[in-house]
There are 2 protein chains.
Amino acid sequence: MRECFELRDVDAGGRIGSLSIPRAGRSVETPALLPVINPHLETISPRRLHEEFGAEAIITNAYIFHGSEDFRERALAEGLHDVLDFPGAIVTDSGSFQLAEYGEIDVTTEEILAFQREIGSDVGTPVDIPTPPDVSRERAESELATTQERLELAESVDTGEMLVTAPIQGSTHWDLREAAAAHADGTDLDVFPIGAVVPLLNEYRYADVVDVVAAAKRGLGADAPVHLFGAGHPMMFALAVAMGCDLFDSAAYAIYARDDRYLTVRGTRHLEDLDHLPCPCPVCTEHGAAGLRSLPDGPRETALAAHNLHVSFAEIRRIKAAIRAGNLLELVEERARCHPAMLDGYRTLLDHADQLERTDPASKGTFFYASHESARRPEVRRHHARLARLDVPDAVFLTEGPDAPTDEYAESWRVVPPFGPFPRALSKTYPLTAEVPERTDRASIRAAARGVSALVEANPEADFGLGHRGWPPDALAALPARVESVDLTTDG
Amino acid sequence: MRECFELRDVDAGGRIGSLSIPRAGRSVETPALLPVINPHLETISPRRLHEEFGAEAIITNAYIFHGSEDFRERALAEGLHDVLDFPGAIVTDSGSFQLAEYGEIDVTTEEILAFQREIGSDVGTPVDIPTPPDVSRERAESELATTQERLELAESVDTGEMLVTAPIQGSTHWDLREAAAAHADGTDLDVFPIGAVVPLLNEYRYADVVDVVAAAKRGLGADAPVHLFGAGHPMMFALAVAMGCDLFDSAAYAIYARDDRYLTVRGTRHLEDLDHLPCPCPVCTEHGAAGLRSLPDGPRETALAAHNLHVSFAEIRRIKAAIRAGNLLELVEERARCHPAMLDGYRTLLDHADQLERTDPASKGTFFYASHESARRPEVRRHHARLARLDVPDAVFLTEGPDAPTDEYAESWRVVPPFGPFPRALSKTYPLTAEVPERTDRASIRAAARGVSALVEANPEADFGLGHRGWPPDALAALPARVESVDLTTDG
């Protein structure tokens, strides 16, 4: 077990955890958002991030400190916490980003880890190779081999109490991402950033982001804290958490503010297009749209950055509240409607329903059927798997309505789309306490039919009748032929 | 034209309007939320509602003032605005609610209108009969006849500059609601509350609320400001606005706060169940969950009421921003995922797509396909209707992929689910600039097939080919037989 990370609560692939950071003398509750601090361009002071926004940790780039004579000397003399004036945990990056952007950097993994330790970083990072998406397998493999050497090197360096990250690369080759994650998990490094997803995020390729995370999670143990490196837009936090990400970092709050871009959980707006501010945060309630627009450049940038942070931190709290309530996927359902690319992301998440099902609690808050997509949720798949293990009498009438019309059936079981059939005794157990719409849909009915098929196929000796409320022909046609079905909505 | 109401912007059935209230010497921008003030139980002062929350109007009950000797004398002597200390517009109810609750009240329409005028109400209300849902047609008709007499009486009374409301009743009989609305619209009264929907809201019968509003809107002119009377939960504001409601009133903010209930746009939570506050409002950012819980009773109630108002007003602003951006239905898509009953409400709204289409602008922001439900949106239906009017050459290849494989076709048109076919020249016109998911769904494909059918059936002389990307058999089977279809995803 990784001692630094403890899980407190789980929902789908999402979890509330506690990441102990010994050198900071504190732990950080996850999911956590780490504001990115650029020492050259302070938008909101680290002290204010801590006191006003409750940031428990921030992230900055050790390579910037290393490369600036002034900052280097100050950091070595005073320590990073004093230079930045931040009392929480400080995570540092190593210059890998600059490597990816500019092709080379002038430090090695040993040097930058030693430097991070010297300046007092709480979580340091080796120099990995951030392989972009869509590159050839050869390139991805060869760069991954280098990244893995660096991780092994990092393992061998004495980093004292400082935690060290083990970035996971592999481009958009899922098996490489999984292998990279398994390798990283096998080191004694502590935190697992999934690297080089920024190009995917910039192009709204949320489906690919989900596949990258799913692959990495398959290679990692449940005790591995996962950082989706470079992800800072609150629109996609819930989706990423549901896949199993624990840490995010936001430079967006500040960078967007510089261009008058206003973050919301539904996407980004430009301030000049807003006559009404769709947010109750202190900045928006104090200024209003016209007031915010009329601020001078500097105060407007600071105010927008504060708004961007308020909505981002509120979304993190909303996600935690959803995990506690057991309705994280309901929140993902909502966020999936913000952009068609987010819908692609959610549909792709549901491709991994069996993977999510393995960590999902057996019982939680009421299941809400919220869309056609809900029919593919892990809880539905689990019920279908469970149907094959239930004891069944010789003849059962499965019904959406009243009991069996004749006494040829020993029992009547209820049928509720999307779950399908279950014995009445299970009606009050999770997830069969589900709230479903009165107006059902074909996806839900087809899922219920899959449940009927699972039960019937597992019990070749038993007889089955089905009383349904106007199921469409394709759903009925998919049932085993020996199911006698009756449409309860037709007369007579 | 009703001179008191001016439309500024429209999206689906929703609109931003300006309601002029002569007696208040001001106008109110709609959609507007009117906090309910109970003079006996002040939770947040009217002055604070105005200054801190930006409330342009509030609503209180003239019957309470009338029935309390103390309040009556003060209101007659000082006027309602001074007694309540509110500088915006004050709307008053008449005691109809008490009539519905207790079976009788001791004022007539003439008396209460005269009283409302005397105490300085800006918008007064006659004594209508709030007929509950699900009553017999006889009872609904007979009570509606009484309500209509009262409206005619109200019309005949001299109310000076005070605007007067014309409540619309009719229970859950849609034709009665429509007739009641047409009758009310024919009076010279000013504001149109849709009455007696609270029992539907309390039971989460959002589908019925949508049908009630749709029926009332069919009877009203576009210039009629509509008040969804008693609706105060922010979860359903977007749905109601999209159906054409302009005014809401919230007693919920205060009543819920008394029971430690915490409003969100996703539903209601109990404060004691929240370890994390899913909101960036000033109350939540200042106190945090533990801090809010540990406040003494009085301050906690006030703080919760303030939070409840912050999220409610922010949702109203979010709705206005969505109308301006032309993406109100995208917001409704999200809210529809908050509860299965909200999904029923949205599915029912889409039953009225043709009614909404009549007010929907021909061009607005980018259409986002956000769910199977999106395939039934008014914009899709409008495109299908338009297809029948397009000029078509003798032979057209309709294609999701490359141009026609042979030269037997004079033109190739694009096919994009859910819209279906269109000439390439229209590619950059609304709504065909739509963003759609890469992973399409059957509802979208079936809608595209309906588009193909509409085009083919309108052009019996032309030949049509269809190049599709793996459409399911049921979608293809629904096409006219003379369409030659080619699956572009199969080899050869």
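How many helices and strands does chain A have? Chain A has 20 helices and 18 strands. The model described here is predicted.

**Chain A**

The C-alpha trace of chain A spans about 90 × 55 × 40 Å along its principal axes. Of the 492 residues in chain A, 61% are buried. Among the contacts in chain A with a separation of 6 or more, 66% are between residues 24 or more positions apart.

**How the two chains relate**

Chain A is superposed on chain B by a rotation of 180 degrees with 0.0 Å of shift along its axis, and the RMSD is 0.0 Å. This is the relation of a two-fold axis. The same surface serves both copies, since 100% of the contact residues of chain A recur in chain B.

**The interface**

| Item | Value |
|---|---|
| Contact residues from chain A | 54 residues |
| Contact residues from chain B | 54 residues |
| Area buried between chain A and chain B | about 4700 Å² |
| Share of that area on carbon and sulfur atoms | 51% |
| Salt bridges between chain A and chain B | ten salt bridges |

Which residues of chain A lose the most area to chain B? They are Arg266(A), His276(A) and Arg439(A), which together account for 17% of what the chain A side buries.

The count of salt bridges between the two chains is ten. A salt bridge joins the side chains of Arg347(A) and Asp441(B), with 2.6 Å from N to O.

**Helix α8 of chain B**

Helix α8 of chain B covers residues 174-186.

Which residues of α8(B) are buried? They are Leu176(B), Arg177(B), Ala180(B), Ala181(B) and Ala184(B). Seen down the axis of α8(B), these buried residues fall within an arc of 135 degrees, so they line one face of the helix.

What do the buried residues of α8(B) pack against? Their partners in chain B are helix α7 (137-156), strand β9 (192-194) and helix α10 (206-219).

Key: Residues numbered from 1 in each chain as written. Chains lettered and ligands numbered in written order. Predicted model: local features only at pLDDT ≥ 70, side-chain atom pairs only at ≥ 80, totals over all residues. Heavy atoms only, no water. Helix = DSSP H or I, 4+ residues; strand = E, 2+ residues; numbered from the N terminus. Expected span 1.5 Å × (residues − 1). Buried < 20%, exposed > 50% of the residue type's maximum accessible area, 1.4 Å probe, protein only. Arc of directions from axis to C-beta. Contact = heavy atoms within 4.5 Å. Least-squares fit on C-alpha atoms with pLDDT ≥ 70 in both. Buried area = accessible area lost by both parts, 1.4 Å probe. Salt bridge = Lys/Arg side-chain N within 4 Å of Asp/Glu carboxyl O.
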